[in-house]
Amino acid sequence: MKARKGMTLVEAMLAGSIAALAVLALMEGLVVIAKIGNENSRLLAAEAYAWDTAWKWLNKPWDNLNGSTTWQWYPNENGAVISDDDCHEINAWPGSEPRCYVRVRQQDGAVIPRHGVSQYQAKVIEVDVEWGPAGARKRLNAFGGTATPNYHVPVSVVKGPIERGRN
């Protein structure tokens, strides 16, 4: 008997089905990668907006900030709506506005928690951002409440009484 050359139809079908499964797995991987990339871009946009807001508050005059040792919310505990012009990336869900929360308090003679430095006076400014569709909202951190899932990304700055760049 002479040996046959080539492949049988069953072998070709088996090789094709294995290739199709591999392609489907790669396609599913691309979908997951796109979702993770989208979520990360929104997280980075929210964090950038929070740091921009913290920088603006850090540059406000000392007397314009809260002098109380309890947290003062600006404009209130419900936060301020972030417009689409300010941060388009986190404004993707109609009817579900992203919000920015700012709170300030004065620490007299206290130790600043993140720096371990004793200051005579310091004002701590914390910023949080909330975004996402209703029912699936997310926040940078949990200082405004723990009901909304958050990323545990603290955004805070400490302002001393010496003004910067002013005569």
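**Figure 1. The largest nonpolar core of the predicted model.** The largest nonpolar core has 23 residues, and I90, V129 and L140 touch the most other members. A nonpolar core is a set of buried Ala, Val, Leu, Ile, Met, Phe, Trp, Tyr and Cys residues joined through side-chain atoms within 4.5 Å. Buried means under 20% relative accessible area, exposed means over 50%, and partly exposed is in between, with a 1.4 Å probe and protein chains only. Helix 1, strand 3 (99-108) and strand 4 each supply at least two residues of this core. Helix 1 gives the most, with 8 residues. Not counting residues up to four places away in sequence, I90 touches R42, A45, A46, I82, P98, V129 and W131; contact means heavy atoms within 4.5 Å. This is a predicted model, in which local features need pLDDT of at least 70, side-chain atom pairs count only at pLDDT 80 or more, and totals for chains, interfaces and linings use all residues. Residues are numbered from 1 along each chain as its sequence is written, and side-chain values use heavy atoms, with hydrogens and water left out.

Figure 2. The secondary structure of the chain comes to 1 helix and 6 strands, in the order α-β-β-β-β-β-β from the N terminus on. Helices (H or I, at least four residues) and strands (E, at least two) are DSSP runs, numbered from the N terminus. Of the 167 residues in the chain, 31% are buried. Among contacts between residues at least 6 apart in sequence, 60% join residues at least 24 apart. Helix 1 covers residues 9-58, and its 50 residues should span 74 Å at 1.5 Å a residue; the end C-alpha atoms are 73 Å apart, which agrees. The expected span is 1.5 Å times one less than the number of residues. Buried residues of helix 1 include R42, L43, A45, A46, Y49 and A50, and T53, A54, W57 and L58 are also buried. An α-helix has 3.6 residues a turn, so residues three or four places apart point the same way.

**Figure 3. Aromatic pairs.** Rings of Phe, Tyr and Trp (its six-membered ring) pair if their centres lie within 6.5 Å; planes under 30 degrees apart count as stacked, over 60 as edge-to-face and the rest as tilted. By this rule there are 3 aromatic pairs. The ring centres of W73 and F143 are 5.4 Å apart and the planes are at 45°, so this pair is tilted. W73 lies in strand 1 (residues 72-74) and F143 in the loop between strand 5 (138-139) and strand 6 (156-159), so the pair ties together parts that are 70 residues apart in sequence. W73 and F143 are both buried. W131 and Y151 form a stacked pair, with 5.9 Å centre to centre and 0° between the planes. W131 is in strand 4 (residues 121-131) and Y151 in the loop between strand 5 and strand 6, 20 residues apart. W131 is buried, with a relative accessible area of 4%, whereas Y151 counts as partly exposed at 25%.

**Figure 4. Charges over rings.** A charge sits over a ring if NZ of Lys or CZ of Arg is within 6 Å of the ring centre and within 35 degrees of the ring normal. K60 lies over the face of W57, 3.7 Å from the ring centre. The charged end of R103 sits over the ring of W71, at 4.0 Å from its centre.

Figure 5. V127 is found in strand 4 and counts as buried at 0% relative accessibility. The C-alpha atoms of V127 and V102 are separated by 4.6 Å, although these residues are 25 apart along the chain. Not counting residues up to four places away in sequence, V127 touches several residues, among them A50, T53, C100 and F143. D128 also lies in strand 4 and is buried, with a relative accessible area of 0%. The side chain of D128 reaches the backbone nitrogen of L140 at 3.2 Å. A polar contact is a pair of N or O atoms within 3.5 Å; within protein, one must be able to donate a hydrogen and the other to accept it, and residues adjacent in sequence count only if both atoms are side-chain atoms.

**Figure 6. Two loops.** N141 is found in the loop between strand 5 and strand 6 and is buried, with a relative accessible area of 7%. A polar atom of the N141 side chain lies 3.1 Å from the backbone oxygen of V153. H152 is found in the loop between strand 5 and strand 6; H152 is exposed, with a relative accessible area of 64%. H152 has a positive phi of about 60° although it is not a glycine. P75 is in the loop between strand 1 and strand 2 (80-81), and the peptide bond from Y74 to P75 is cis, with omega near -15°.
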